[in-house]
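Dear colleague,

Please find the structure below, handed over for your records. My findings follow it.

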Amino acid sequence: MTPARILLASHGTPGARAAEQAALSLCAPGGTIWHLEVVPDFWKGMRGDDWLNNAVTQERFGDYVESQLEREIAEHAEALGREVLSLGLSYENLSVLGKPAECLLELVSRETFDQIVIGSPRPKGMPGYRSRMKMETLVRELRTPLLVVPHPNR
């Protein structure tokens, strides 16, 4: 059975991009890719107060970080959306702040999907922050097939 409604959790890293390609190749003609992009909640309130010396500077820095994240999310969603639409598929995008697994489960409780596609954790030694998807939570709670795509550098 070819999935027609795929929930793709992706944030643009190499592992997430591998998941994107898998979702695009799996989706039924005329199907829909729902793109969930979760900004981990550790970014909330990022103000640099451990090294910036006054409230005005901290506020400016926090605003800068927030606008940078918003810009990167919008660019990623726009690029993926173009790719999805070029294949004759429909594209839905949702960006949220929170814990990745909990945000995914909340969306699944509101919408019906045939398949969920995510990337695997980044291999050790590769640079970048590891905002981990809690696999135990997903496996215990999900009632929808879950595909975890291997990282391309494994």
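The buried residues of helix α1 are Gly15, Ala16, Ala18, Ala19, Glu20, Ala22, Ala23 and Leu24; buried means under 20% relative accessible area, exposed over 50% and partly exposed in between, with a 1.4 Å probe and protein chains only. Helices (H or I, at least four residues) and strands (E, at least two) are DSSP runs, numbered from the N terminus. Helix α1 covers residues 14–26, 13 residues that reach 19 Å from the first C-alpha to the last, close to the 18 Å expected at 1.5 Å a residue; the expected span is 1.5 Å times one less than the number of residues.

This is a predicted model, in which local features need pLDDT of at least 70 and side-chain atom pairs pLDDT 80 or more, while totals for chains, interfaces and linings use all residues. Residues are numbered from 1 along each chain as its sequence is written, and side-chain values use heavy atoms, without hydrogens and water.

The count of aromatic pairs is one, where rings of Phe, Tyr and Trp (its six-membered ring) pair if their centres lie within 6.5 Å, with planes under 30 degrees apart stacked, over 60 edge-to-face and the rest tilted. Trp34 and Phe113 form this edge-to-face pair, at 5.5 Å centre to centre and 80° between the planes. Trp34 lies in strand β2 (residues 32–40) and Phe113 in the loop between α3 (100–110) and β4 (115–119), 79 residues apart. Both Trp34 and Phe113 are buried.

Cys27 is buried at 9% relative accessibility, and Cys103 is buried at 13%.

Kind regards
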